[in-house]
Structure formats: C-alpha cells, structure tokens
Amino acid sequence: MTTTLGTSNATVDPRLQAVGMQQAGGKSPASPGRAVRSVAGRVALWALLIGFALAFLYPFLWLISASFKPRGEVFDNSLIPKTFSPQNYAEVWDKLPLLNWMGNSILIAVLAAGLVTLSSSVVAFGFAYFKFPGRDLLFGLVLATMMLPGAVTLIPTYLIWNNLGMIGTTVPLWGANLFGSAFYIFLQRQFFLGLPRELFEAARVDGASYWGMFWRIAVPLSVPSFIIVFIFEFQASWNNLQAPLIYLNFGAVENFTVPLGISYAMTAFSPGNGGQGDYQWVMVAALIVTMPMLILFAAGQRYFIEGIATQGRKG
Amino acid sequence: MSNLKALPIVPADPAGTVQREKRNGRGKGPKPPKVRIKYNRREAVAGYLFILPWVLGFLVFTLGAMIYSLVISFSNYDLATDTATPIGLENYTNLIEDPKVMLALGNTLFYAVMAVPLEIAFALFLAMLLNRVGRGAGLFRTLYYLPKMTPSVAAASVFLLLLNGNYGAINRGLAAIGIQGPQWLTDPNWVKPSIVLMTLWSVSGTMIIFLAALKNVPVDLYEVASLDGAGKVRQFFSITVPMISGTIFFNVLVLTIAALQVFDQAFLLFWRNQTNASPESSLFYAVYLFQQAFRNFNFGFAAAMAWLIFLIIMIITVIQVKFGNRFVYYEGDRR
C-alpha cells in the first residue's frame, strides 16, 4: 500500500466511505474497476464469480442441511434431507448445555469488546492529542508489540493468572483488555488524528478539562471507529478457541464457551470415545455459534470492510 | 495482546513508516521534534495518564511476560509449588534432541511454504474478479467474506465431515467426475493440503486488502498500455503487480507469520481427541507447544519452544523485509 501513516488520507474517514475511496484523493484518479467489454469475457467472469460463490457457500448449505438430518443421514451429502428432523433443534438443549455456553460466550465477548474499546480509545487519545517526551518512541513500541508471536507470552500469562487464582474463571479471557490492544490503539489514533484540532482548542478555551475533551468531544465524534473496534473484538472473542481451551477446559462443562463446548462435543459424540456419532447435534450447535457472526456481519458489514482495509493500509 | 490472534499481525515498521511520518509531519497534528521542543508540563502529564493503561499492560503482559518467559525457559518449572529451578540450557538441548520438535517445525514450515503463495494467488485472483464486475460486486464480496466470519470450530466441524475420505462430500464430488479422492484426514501426505483447503476457504480478509489496493491503481495506466499493444498478461505483470507490490508484500509478511502459528485448524481436525492417533505429519508447532505446556505442564520446555519459534519468525521476517524492499515500488518513491 502506498499511503502510509504520514499522509493525511491514511486516516480512517469518519464517514466510512466505500473501500479504497478515501485513498483515492490526491495523486491519481482511482479506477472504478475495469469493466469487461466482450460478451464471452462477461460470461466467463460471471461463471467464475457464481462458481466461487457456490464453493464458499457450500459448507454453509451443507451445515444447515445436516442440522436437519437424523443421526444416520448426516453424512449422506444430499443438500435436501431425506428424513426431515427438526427435532434436533429441540433435543440439542438437553444433550448439550448450549444455553450456558452461549451465556458465557456472550458475557465474555461483551466484556472483552467493551473494555478494549474503552481502554484502547483512552490510550489512543493520549497518543493522538498530547505532546510529551518519548511519545513517538512509545507509539513505535505499541506497533512493535503487534508483531510479537502470541506463543512467547502464552505461558507467563497463564502463570500470572494462575498466581492470581483466576484459572477456571472467565477473567483471563477479558482481563488483559483493560489495558488496550495495539491494533485498536493504532486504529483509534488514526481516527482521532482525523478530527479537526480546532475543536479541541475551542473546548480548551471554554474551560474543558483534558478528560472532558476526550469524553465530550472525541468520543461522540468517533462512534464509527468505536463500532469497528467493538465488533472486531467481539468476533475475535466469540470465535476464540485457544484461550478457553487453556483457561476453562479443566473446569465444569457448563462453564465452557460455545467454541470450546463444540470442540468437546465433537469428541464426546465420536464413536471412538463411547459416543454414538450424534453429529446432528454438533451441526445444530455449529450453526448456532455461526449465526450471530453472520448477523453481526450483515448489520455491520461496512465497518468490517473498513477495518480490514485499514490493516492493509499500515504496510 | 492475545485477543489479536484472529487479526493479521502487523510488521513493526517494515518500510520505515514511522521515519517517514516524522519527516512528512502532519498538517494538524503535533510537529516533529526537530530541535528541542518545550513541552507543556500539564499537557505532558495528562498524556502520560491517558496512555497509562497501555503502559501498565505492556509492563505486565508484554515486557514482564517476556522476561518471565525467558527465565522459565532456563528453568524447570513446577506448577504445584510455583517454583522455577534454574537448569541452565537443559530445556534448549532437550528441544534440539526432541525429534517431535523438529518434526513439528518441519511440518509448520512446509505448510507455510505451501499455504502462503496459494493464499496470495487465490486472494488476488478473487480480488481481481471482484474489481472487474462493477455492479453486483458488493453482493459477491459479502458472500465471499462469510467464511471469514465463521468460528473456526464450526468450520472444522463441517470440514471434518466434508473431508472424510470414504463418504465426505469432497471425495464424492471428485468421484462423480472420475477422480479417486485421497484420504484427506488420515493419509500423511494429504493432511496438510486439507488444512490449506480450509485456510483458502476463509481467505477473504486478504482479498479485501487486495481489493482496496486494486481500486487505487490508476485506470489510465491500463489504457496507455493497451494502446501500446500490451496484452492482459503483460498488463498484469507490468502494471498491476508493481502498483500493488506494497500490498502483496504486506500480505506475504502477515500470512507467513500467521501460518507459522497456525493452531485452531490443526488442533480441531487432528489433535482435539487425545485418544485418537493422528498422522504425525499433522503435528504443527503451535499444537505441540500447547500439548507440552497445557497437557504435560512442561512449562520450561514449552517456553523454550516459544522462544525458538519467535527467533525463527524474526529471522524469516527480516529476510522477507530485506528481500521485499528490493521489489516493492513506492509511489513517488517517498522512501
């Protein structure tokens, strides 16, 4: 990506225009996509587009279909169930503590996303607005931590929570989010830098405190970037498998999150482990864990696309 | 922090962005410190207070954790008594002598070499398709992005059944066109391709980044090239690739780092069930590290493993950055 931190058009546009649009300003007219002219080319293009769409969607269709099949037919690969078995959806709640798992997952995801949104934006405002010795060095350090492989801090982090007696609780799954997270700090800072500084000067003249400038001016103007951070972290937390595996796996099954629970059910139902191959319930659970993410995407698509495109803009 | 795993990791400063930022300055933002700046003391104090949460988190969960991790890697750590007995280099010598570490490392590197180029090529191909479609692109972009939203555990539960060698849908489909499909999940030669397949299914994050870059390539470049008689292939290599080289480079870096740490898919498909033996070629580094740390509670050994992969990732990244800087074309050559 040619735009970098230093150019003004690298900031996240508050109006969240379509991908790439805000980068277009300045040097050259952006291509609106090169249209294919010949008829044969058009046909080939659409065939490919639709073919890939089907390939990407097939596992979803397969999942939906399998969730409506009785035990013996999950593998039969017909997208329309031979025996329609909607009772899977009624039975699964008895077979697996799904309601508990969903409650845990929602609680953790809301705490993780809410806390990281708040803490990252506070820190980001510190980096964006104030001048203090060592600021650029510290911000470089923020960026550098994004590169650190998670494995290096995995074990000591576990031991820290162990010493605090938090293993088996949900705290390790959101606690560190109190301290901000590098990518979100970067993203929020970009957003704050895009706000006109005169707004803050004016508030200063009117006697606003520093915290007031953040809370009454920066925050209300930055709702879109708050949404980006919140939904990104919500998704990351909701989908997370490794952390629950480390911190919750040895506790009661009811305390699992949905991903950990499904992983557990896949094993528990497998014939090799004394199960009877009741994968239809796993399919229902897999569909139930996926649906909130698809709905979240449907509702906040532009924020996701914007957030992803921002990642590319850093390079 | 740990919750960032799902997102691509960003290279610290591969192209000297921070340097550039300083030189360019910024219209509204604070000016770069050319000479000694006089700081407003109240403002500086407020700034430190605002970034305090990150500083604390950094000291405990990054810097502190790294030092702690280093100490543990040179110790025999006993979880029951919470004591770390120094044992010198023993963990590291054990590491080198453990054939499973080398096996897992080999598997992981092999996977990365296979997955990253395919991901780049596939994501770029999809982005170019979407870039050409004009109206309707939004719908397809949405459809292509759905796999990225799917929790890895749901994806794995479906792929576990789709990839089943005997009655999975993928092999049934191959059989329908006369191809005998492989035993994706049990044949040692096919377990890594099956994980690559799952990875390619959710490649759309990379695709979106490419799409944003393609939208930035000035359309008149292609028009001029057309007039000069350059064909589509020539245009791709002479215009598209150089114009988005920075993005390709960024994606290669990020995907390589992610590939070297792949855990979820390998764990879910092959190592979730401890009683089931899986082919050794599916033992990935992150999975073996996890087993050593949280199944066997060999924290010292696992910490040493973590430092080894950290070192390897650093070396690979540095090589890529050195190599990449020669190929990346920066518009206006602001470097």
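**Entry 1: Phe297(B)**

I began with Phe297(B), which counts as partly exposed because 14 C-beta neighbours fall inside 10 Å. I note at the outset that the model is a predicted one. I then looked up where Phe297(B) sits, and found that its place is in the loop between helix H14 (285–294) and helix H15 (299–327) of chain B. I also checked the backbone there: the phi of Phe297(B) is near 55°, a positive value in a residue other than glycine. I wrote this down since most residues other than glycine have a negative phi.

**Entry 2**

I went on to the secondary structure of chain B, for which I count 15 helices and two strands. Strands S1 (residues 75–78) and S2 (residues 83–86) of chain B pair in the antiparallel sense, and four bridges join them.

**Entry 3: H4(B) against H8(B)**

Since two packed helices are described by the angle between their axes and the distance between the axes, I looked up both values for one pair. Helix H4 (residues 99–133) and helix H8 (residues 191–201), both of chain B, pack at an angle of about 35°, and their axes are 10 Å apart. I record the crossing of H4(B) and H8(B) as right-handed. On the H4(B) side the contact includes Phe110(B), Met114(B), Leu118(B) and Phe122(B), and on the H8(B) side the residues include Ile195(B), Val196(B) and Leu200(B). By class, I find nine nonpolar, two polar and two charged residues in the contact of H4(B) with H8(B).

**Entry 4: Gln265(B)**

I next took Gln265(B), whose place is in helix H13 (residues 264–271) of chain B. Is Gln265(B) buried or exposed? It counts as buried, because it has 24 C-beta neighbours inside 10 Å and the cut-off is 20 or more. Leaving aside neighbours within four places in sequence, I find Gln265(B) in contact with Ser152(B), Ala156(B), Ile195(B), Met198(B) and Thr199(B). Ile195(B) and Thr199(B) are also among the H8(B) residues that meet H4(B). As a distance check I took Ser226(B), which is 39 residues from Gln265(B) in sequence and 44 Å away in space, C-alpha to C-alpha.

**Entry 5: Ile108(A)**

In chain A I looked up Ile108(A), which lies in helix H4 (residues 98–129). With 22 C-beta neighbours inside 10 Å, Ile108(A) therefore counts as buried. Apart from residues up to four places away in sequence, Ile108(A) touches Thr170(A), Leu173(A), Trp174(A), Ser237(A) and Thr257(A). Of these I checked Thr170(A), which is 62 residues from Ile108(A) in sequence but 6.9 Å from it in space, C-alpha to C-alpha.

**Entry 6: core and totals**

The largest nonpolar core holds 183 residues, and I find that Ala285(A) and Ala306(B) touch the most other members. Helix H13 (residues 279–313) of chain A gives this core its largest share, 16 residues. Not counting residues up to four places away in sequence, Ala285(A) touches Val92(A), Leu96(A), Leu98(A), Ile262(A) and Ala265(A). For chain B I noted that buried residues make up 44% of its 335 residues.

Note on methods. Residues numbered from 1 in each chain as written. Chains lettered and ligands numbered in written order. Predicted model: local features only at pLDDT ≥ 70, side-chain atom pairs only at ≥ 80, totals over all residues. Axes fitted to C-alpha atoms, helices over the stretch in contact; angles between N-to-C directions. Left-handed = near helix turned anticlockwise from the far one by under 90°. Contact = placed C-beta atoms within 7 Å. Nonpolar A, V, L, I, M, F, W, Y, C, P; charged D, E, K, R; others polar. Buried ≥ 20, exposed ≤ 12 C-beta atoms within 10 Å, placed from the backbone. Core = buried A, V, L, I, M, F, W, Y, C linked by C-beta atoms within 7 Å. Pairing = 2+ DSSP bridges.
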